[in-house]
Amino acid sequence: MNKQWETDNCAEMRAHYTVYSIPQAAALWCGIPENEVLDILNEAQQISQTGIGRSIWRHPSVGCLEPRSRAIAEAIESGEIPHGREDGRPVAPGEHVAHERRHFFGRDLRNWIKEAFPLEKPEFLFYEIERNTTSDLTIDSYNSLKAENEMLTRRIEKAEEEFRSLRSEKEELEKEVESLRSQFEGNEPPEARSEVAYQILIGALVQTVLGDGPKTKKHLKLKNQTALINFLIEEYPKKFGISQRNLEKKFPLARTVLMQAT
């Protein structure tokens, strides 16, 4: 019976850390079995002996070798795929590496393919579950989903902007209401309960002045406003509107209005 460590080929780890050359990666991307790659590349040729053409390969029977090696070569030229020499260790930006010696890690090629060709999932780089997840996805459906996502993103951004604007308006209105409240506090128009309070207060004053209250003595003499307030509170306990706080607020205002009335 084989042991697990004897049969585990660490495919996922190897795909991540394996160092590839441009033609080798292009051939594997085309679906050529790993054990046949070397034979195919021995039959392939560079499209040019100068410039980037030295990194682009073609094969008479493998039509996709040229476009895929070209895509990888151009991504290396633009800096999209970090590259180095045979050990795969990335060189510093701007450092020249001969075209035939350019190598890179599988993880960097994988990340680039995910961005540049999201529908491509070559077996030598992507796990089975990743390939199966998008196996039914077409370019049209992908573009449709992408457009829908962008539209939703714009709607969210617009909604957030409107929310911030409404919140700012709400805060301004709250400030304005508070300002108006402070200006008109104490001068509010009488509502139903306030009107009743005025009527009760007026009635109490009339009875007091006339000496007709239940405990009022004839010819009552009150020294000042405080005495009058105290008397009313004692004379009419628990009557709505007759409280020390309310009377101390209303009496001065009423006297001022009376004095200013013409």
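User: What makes Tyr20 and Phe124 count as buried or exposed?

Analyst: Tyr20 is buried, and Phe124 is too; buried means under 20% relative accessible area, exposed over 50%, and partly exposed in between, with a 1.4 Å probe and protein chains only. A word on the basis: this is a predicted model, where local features need pLDDT of at least 70, side-chain atom pairs count only at pLDDT 80 or more, and totals for chains, interfaces and linings use all residues. Residues are numbered from 1 along each chain as its sequence is written, and side-chain values use heavy atoms, leaving out hydrogens and water.

User: Why is the pair of Trp29 and Trp112 called edge-to-face?

Analyst: Rings of Phe, Tyr and Trp (its six-membered ring) pair if their centres lie within 6.5 Å, and planes under 30 degrees apart count as stacked, over 60 as edge-to-face and the rest as tilted. The centres of Trp29 and Trp112 are 6.0 Å apart and the planes stand at 85 degrees, so the pair is edge-to-face. Both residues are buried, and Trp29, Trp112 and Phe117 form one aromatic cluster.

User: How do you know that Arg107 lies over the face of Phe105?

Analyst: A charge sits over a ring if NZ of Lys or CZ of Arg is within 6 Å of the ring centre and within 35 degrees of the ring normal. Arg107 is at 4.3 Å from the ring centre of Phe105 and lies over its face. Lys121 lies over the face of Phe126 in turn, at 5.4 Å from the ring centre.
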